[in-house]
Amino acid sequence: MNSADVLQAFRSDSPYLFAGAAFIAIGLVAAGLAAFRRSHNLLLVYFALFASLYGLRLWLQADIVKMTLHNGAFFLRIASAIDYMMAIPALLFLDSAGLLRKFARTVLYCYAAAGILLALTAIALGPAARLSTINRWISILALVFLIPDLLRKQASSNSDLVAIRRGLLVFVVFALFNNLGGAASLDWPNLEPIGFAVFLAALGYVAARQTRQRDHQLKEIQKELEIARRIQLSILPAEFPEGPHFKVAARYVPMTSVAGDFYDYVLTGPDRAAILIADVSGHGVPAALIASMVKLAAGSQRPNADRPSQFLSGMNAALCGNTQGQFVTAAYVHLDSQTASIRYAAAGHPPMLRLRGTSVEEVEENGLILAAFDFATYSEISHQLNAGDRLLLYTDGIIEAANKTGEFFGRERLAMLLTETACSPASEAATKIVEKVQEWSVEQEDDLTVIVCDFAS
């Protein structure tokens, strides 16, 4: 082997070496995508095997590679085995893509079985001209049976499937041309890689088209979520009505564009008001839809606004059977400045906190969660208020926010934070609480809602 022979072999083989490298690279990329996808896609795995083996076969058939490896016996056996086993990943890919009818599938499975037998024979006994001849003729037979399946018209007008079938048809025709030339001992150029490149181009076109469609769908979804977010924000009260007795501030930070937390203010007179806070199980759009239902249920109970237990009972009756298995926790506090008192009831909700001076007390009177049990009943408790008392209502996203070690923010830290912000206005205190929770947590895993209520006199 002299340098002139090597140079000549490289010149003649360079297009196939380049094509082989490109096909192997495409196969590796497909394998990487299949490995990193959350859901396993066998179609992508079979395509990765098909493209990689096809590219490897082009390399092994190149004269420059044979000269480099000195046509060793082991190399020749492996090269022949790979050539005979090409049908296996191709068959699996076509079958998974739904491109084969029953008869063609049976023929190709027989072809794949024959390829396995030829490969095992080549590895055991070494390559032989007779094996290559058998492989060519069964390849021709399989390709002939495959063409009608690719030419048939399907009832569905799936443009992506049509593009794949056309690209595959071009590859099959080129492969048939190459095998017929080899069987007839004709010195035809090997055009099969061109057909394979056309097939890959068809797959690339389909992938690009689907990516564009997904991007368009994602933009539409984002627009719809933005509209849903604005609608959901519109159902929340802008601010607590101005008055001399109560100063109320709320902070609401959804986990996603829309959320399941909800709060509302209910006026029952010039000196009386009520605050409702609720938390729907789950997140995202389903929870947001249920939160809208919570608002309607609460609106229907305004005649019971000064009786927290009846208010929650009425909400439960309105929600039961209408939430598709999701449930709601809620807390309701009625404020009365004339008697300087509150009445409180809850449904599976974290206890309200009352700050008096430097002491924090939990106010709790819980019944069953809403929307789960139609027989649920609720009771209420009363507490006197002193001038300067501060009430804090919140959803469990506040106390269940976790740091890097998985430790929850917890009620104790929330109580300490409520004490630390005692001298701040209600609006600043609410903002500070949310900020501290966000600093504590690694990432927000739930909706965050806090309501701070100050009693002046």
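Residues are numbered from 1 along each chain as its sequence is written, and side-chain values use heavy atoms, with hydrogens and water left out. Because the model is predicted, local features need pLDDT of at least 70 and side-chain atom pairs count only at pLDDT 80 or more, whereas totals for chains, interfaces and linings use all residues.

The largest pocket holds about 1300 Å³ of space. It is lined by 49 residues, of which Arg57, Gln61, Asp83, Arg136 and Asn178 are the closest to its centre. A pocket is here an open set of points on a 1 Å grid over the protein atoms alone, where a 1.4 Å probe fits, with protein on both sides within 12 Å along at least five of seven lines; lining residues have an atom within 4 Å of a point. Points are joined across faces, edges and corners, and the volume is the space filled by probe spheres set on them. Helix 8 (residues 159–183) gives the most to this lining, with 9 residues. Helices (H or I, at least four residues) and strands (E, at least two) are DSSP runs numbered from the N terminus. By residue class, the lining of the largest pocket comprises 31 nonpolar, 11 polar and 7 charged residues. In this division Ala, Val, Leu, Ile, Met, Phe, Trp, Tyr, Cys and Pro count as nonpolar, Asp, Glu, Lys and Arg as charged, and the others, Gly among them, as polar.

The volume of the second largest pocket is about 740 Å³. Among its 23 lining residues, Leu44, Leu203, Val206, Ala207 and Gln210 are the closest to the centre. Two or more lining residues come from each of helix 1 (3–36), helix 2 (42–61), helix 8 and helix 9 (192–235). Helix 9 gives the most, with 8 residues. The lining of the second largest pocket divides into 15 nonpolar, 5 polar and 3 charged residues.

Helix 9 has 44 residues and spans 64 Å from its first C-alpha to its last, close to the expected 64 Å at 1.5 Å a residue; the expected span is 1.5 Å times one less than the number of residues.

An open sheet is formed by 5 strands in the order 1-11-10-6-7, with antiparallel pairing. Strand 1 (246–253) and strand 7 (359–363) are its edge strands, each pairing on one side only. Two strands pair if DSSP finds at least two bridges between them. Strand 1 runs antiparallel to strand 11 (residues 448–455), to which 8 bridges join it, and Val253 has Leu448 as its bridge partner in strand 11.

Strand 5 (residues 341–347) is largely enclosed by the rest of the structure, because 6 of its 7 residues are buried. Strand 5 pairs with strand 4 (residues 328–336) in the antiparallel sense over 7 bridges, and Leu335 has Ile342 as its bridge partner in strand 5. The hairpin of strand 4 and strand 5 has 4 residues between the strands, and Ala340 takes a positive phi near 50° there. Strand 9 (residues 381–384) also pairs with strand 5 in the antiparallel sense, over 4 bridges, with Ser341 opposite Gln384. The pairing of strand 5 with strand 8 (residues 366–367) is parallel, over 2 bridges, and Asn366 in strand 8 is the bridge partner of Ala346.

Notes: Buried < 20%, exposed > 50% of the residue type's maximum accessible area, 1.4 Å probe, protein only.
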